[in-house]
Amino acid sequence: MQSIRKIEVSTGVWWVEVPAADVRVLCGCPADAVKHLMKRGLIAPTEAEGVSFETGPNVILLSDVMVQNGTFANLGEFPVLQMFYRQGMIIPGHPGNTGVKPLIVGSPEQVHAQLQYIYRGNYGLISEDELVDAGATPEQARARMRLKLKFAFGRIYHPSELIDTKVIEGEPVDIRGGVSVRRLRLNVFEFRHGDETVIVDLNLQPFETYECPYPLGFYHMPREYFAVVHSGEGDGWDINRPSMGAVLMFQGRVYLLDAGPNILHTLDALGIGVNEIDGIFHTHSHDDHFAGLTTLIRADHRIKYYATPLVRASVARKMAALLSIEPSAFADYFECHDLVEDIWNDIDGLEVKPLFSPHPVETTVFLFRALWEGGFRTYAHLADICRLEVLKGFITGDDDQPGITKATYKRIVEDYATPVDIKKVDVGGGMIHGDAYDFRDDTSGKVILAHTSARHTIAQKAIGSTASFGTVDVLIPSNHDFIWRAAYELLMGYFPDIAHHQIRVLLNNPVRTFNPGTILVKERTPAPAIFLLLSGSVEAIHMTGGGRSVLSAGAMIGELSALFGSAVSETYRAIGFVKALEIPCSLYGEFVRRNNLSAEITRIFENRDFLQRTWLFGEVVSTRTLNRIAKEMTLRRFEVGETIDIGPEAMALVVAGTVARILGEHVVELLGSGDFFGEELSIFWTPSMFRLKPVETTDVFLVPAALLAGIPSVRWKLFETLGKRMTSIFEGEHMGRVILQWHEEYRVDVLRLDTQHRRLFEQANAILDAVDSGRDLGEIVSLLDAMAEYARYHFGEEEGLMARHLYPEAESHRTRHARLMDQLAEMRHHLLERGGVDSAHILSFLKDWLVNHICTDDRRYSHFLNSKGVY
């Protein structure tokens with residue numbers, strides 16, 4: 001009889017169960033993994049000892065890489081919450097509490113990152129110091145921490161106190177009951193029980209995406225003057241609906257209220273392309289409001305991010321924990337605009353007032369208003385809030401105890417009761433969500449109940465309305481079509497030097513609406529017209545290469561075919577409802593000739609066509625942005641035998657030929673047409689560990705790094721690739737002998753510093769491997785120079801953290817760093833002076849230089865930085 005049960009839950013998510021050992025493993029946990037398990041019956045209602053609860057996983061196996069095809073791959077917040085509370089694993093006296101803790105298994109980096117992300121997801125900012133650093137006054141910080149501690153039952157727990165972890169490195173890892181797991185290669189794992197094994201592959205294939213657990217259909221959304229589109233009324237447990245959210249339309253502009261899981265699926269259903277989004281108003285950092293942020297990064301411009309400083313800081317720290325980056329890097333992907341709490345903030349005519357909301361993490365609810373006849377039209381979005389009955393129990397007169405004051409309670413009651421035209425409220429119940437009964441006497445024009453997976457009771461139905469997905473409440477109707485303004489702005493951006501009256505020649509054409517699934521232009525046929533995409537998303541399907549890319553507002557479809565009379569090479573198909581300006585081919589050709597654009601357009605067409613076929617640039621990046629890149633990039637040829645050095649100002653795209661990425665003497669990756677290199681230094685300012693050599697005559701495009709750094713979708717893909725490349729090295733797929741072995745006891749418990757230490761180990765091993773292989777002195781010195789460059793970068797990172805958090809031993813640590821750099825320089829001089837390398841001597845030097853410094857000097861700052869919330 002088979003002892004291991006393996007089930008494919010959805011794309012990139014698997015279930016492995018060994019009933020005899022009571023082991024149930026969720027393999028891979030992207031957003032909404034819990035909902036997929038519910039739909040497959042792997043989480044199900046049960047009852048024992050008169051208590052109703054749920055079954056479910058008790059182990060999570062993490063992906064080796066945090067981001068796959070642009071989406072978070074490891075979001076364990078809701079699976080862990082399901083284990084704690086819905087299975088009862090943490091509840092005293094509960095039949096589901098058998099003394100076994102939830103177990104998280106994975107690579108050292110991902111396990112560590114997951115614990116810190118769950119930590120931030122549970123508590124947000126974790127100290128008065130962090131709150132003050134984020135902009136709170138000392139009095140506010142103290143009051144917010146008192147409330148936070150009340151929600152936390154008096155103490156903030158690190159997840160390591162509640163969750164067990166096991167790290168997968170080279171050897172099989174015992175889970176329990178004779179069940180073990182080992183890594184076969186990057187993201188591929190083998191489970192064993194007795195003599196039986198199963199293999200799980202967590203890799204997404206190119207162009208593959210994690211699935212949405214619910215269908216939404218498609219909706220045709222007119223751009224209104226001021227309207228609320230209802231895009232989610234469920235919660236993190238609702239298997240049929242998106243989590244609570246909304247789309248605000250104001251003067252034709254599109255804003256999101258929160259970004260929950262599968263937000264791209266939501267936008268496609270509503271006929272909104274990611275490039276159309278002007279900004280997001282963010283309430284807080286819980287996954288059902290946070291997990292979709294990576295979707296917004298796919299735009300070709302930084303989307304505006306509106307939140308109070310405390311909410312922004314909480315969100316940035318959570319994302320930083322997931323990705324092992326500095327919280328300040330959040331601004332690389334979003335254009336941050338801080339809102340002032342409790343006053344009206346003007347956003348280009350749309351006014352918004354954030355109000356403090358009592359919740360375990362930093363949270364605000366939002367009031368919106370726009371001027372119209374007779375005064376303002378208003379909308380309130382109350383997510384997430386706390387039941388007044390619970391909040392009343394938090395009142396205490398003792399300022400030294402967790403809780404709130406009577407004045408705070410009174411203010412929150414008044415905020416909840418603010419009369420507006422439309423009010424959407426969280427009625428999820430329990431300790432940290434709202435209650436419909438608190439709005440029984442609300443005088444707003446319409447109250448909408450949301451943020452629940454439960455059916456509304458008769459009493460709740462008497463209090464508030466419901467709003468199905470895609471329904472619209474128009475607060476101020478539009479008397480003209482804002483789509484024409486979008487068309488004009490896109491054309492002006494595409495042809496910035498052309499007179500306005502000439503632009504209107506192109507603008508004076510029909511806007512066509514395409515139904516979902518409609519083909520706009522078919523491969524191997526001439527384009528019937530040129531289509532400027534104005535709203536919605538279109539997929540470009542490359543039949544020959546099997547690729548797929550997604551285009552959003554600003555993409556020009558069929559331009560090459562129209563100007564040169566050639567057939568298009570891909571099929572363009574509407575994903576949801578799409579609007580596009582239809583420009584006749586003959587008119588466009590005459591426009592190009594009259595404005596002397598032929599030479600310029602012809603020059604960049606070939607480059608742009610190449611860019612569109614690559615994974616890096618083929619998705620979402622608008623035609624205007626592609627043209628800018630195509631204009632600036634230059635072609636360069638490298639011959640066999642050369643070492644490729646493109647400097648820090650550019651990144652390279654391989655056009656033809658093959659480039660080898662080499663660490664030590666080992667080829668770790670071969671790059672062909674469409675692949676890229678140079679992102680480490682040019683985009684992320686991290687010295688590369690690798691040498692690059694052409695395997696054959698190779699042509700590359702050099703793209704200015706300054707252009708790419710400002711395109712979030714490209715930067716995000718470069719970040720994903722950099723992470724995968726480094727992870728594959730750490731897992732030893734391509735390495736030779738490992739002489740200096742990394743051990744877990746070397747960790748300093750600051751993830752990005754641990755990652756940098758591991759990179760230094762890999763570089764040291766590359767040097768030792770080259771010495772043992774008898775490589776010439778010049779190559780060994782070159783490897784030593786690369787290590788010195790990376791060490792200088794790493795020491796700068798450490799010293800920056802120490803200075804930022806006022807580490808008392810910072811100056812002496814900086815002095816030791818200077819001495820270490822001197823020692824590397826002395827070793828280099830010694831090697832050149834002797835004209836040879838002594839293997840035992842350099843091994844002893846590197847071991848002393850690297851291991852001793854980490855284990856003595858670096859571990860001294862570990863506890864200090866952790867106490868400041870730096871992990």
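**A close look at one part and its setting**

Mentor: Let us begin with one residue of this predicted model: Arg144, which is found in helix 5 (residues 138-151). Arg144 counts as buried because its relative accessibility is 15%, and the cut-off for buried is under 20%. Leaving aside neighbours within four places in sequence, Arg144 is in contact with Leu131, Leu310, Glu341 and Phe356.

The chain as a whole provides the setting. The chain has 25 helices and 42 strands. Its radius of gyration is 29 Å, close to the 29 Å that the globule rule gives for 871 residues, so the chain is as compact as a globular protein of that length. Along the principal axes, the C-alpha atoms fill a box of roughly 90 × 80 × 65 Å. Of the 871 residues, 60% count as buried. Among contacts with a separation of 6 or more, 72% join residues 24 or more positions apart.

We may now turn to a pair of helices. The axes of helix 17 (residues 598-612) and helix 18 (residues 623-632) come within 8 Å and cross at roughly 105°. Helix 17 is therefore roughly perpendicular to helix 18, since angles of 65 to 115 degrees count as such. On the side of helix 17, the contact is made by Glu600, Arg603, Ile604, Asn607, Arg608, Leu611 and Gln612. Helix 18 contributes Thr623, Leu626, Asn627, Ile629, Ala630 and Lys631. By class, this contact has five nonpolar, four polar and four charged residues. In an α-helix there are 3.6 residues a turn, so residues three or four places apart point the same way.

The loop between helix 17 and helix 18 holds Thr614. Thr614 is buried, with a relative accessible area of 6%. A polar atom of the Thr614 side chain lies 2.7 Å from the backbone oxygen of Leu611. The backbone nitrogen of Phe617 lies 3.2 Å from a polar atom of the side chain of Thr614. Leu611 is also one of the residues of helix 17 that make the contact with helix 18.

Finally, consider the surroundings of helix 18. Its buried residues are Thr623, Thr625, Leu626, Asn627, Ile629 and Ala630. The buried residues of helix 18 pack against helix 17, and also against helix 13 (483-494), helix 15 (559-564) and helix 20 (705-709). Two strands are partners as well, namely strand 33 (556-557) and strand 42 (698-704).

Methods:
Residues numbered from 1 in each chain as written. Predicted model: local features only at pLDDT ≥ 70, side-chain atom pairs only at ≥ 80, totals over all residues. Heavy atoms only, no water. Axes fitted to C-alpha atoms, helices over the stretch in contact; angles between N-to-C directions. Helix = DSSP H or I, 4+ residues; strand = E, 2+ residues; numbered from the N terminus. Parallel < 35°, antiparallel > 145°, perpendicular 65-115°, else oblique. Contact = heavy atoms within 4.5 Å. Nonpolar A, V, L, I, M, F, W, Y, C, P; charged D, E, K, R; others polar. Buried < 20%, exposed > 50% of the residue type's maximum accessible area, 1.4 Å probe, protein only. Polar contact = N/O pair within 3.5 Å; in protein donor to acceptor, adjacent residues only side chain to side chain. Rg over C-alpha atoms; globule rule 2.2 N^0.38 Å.
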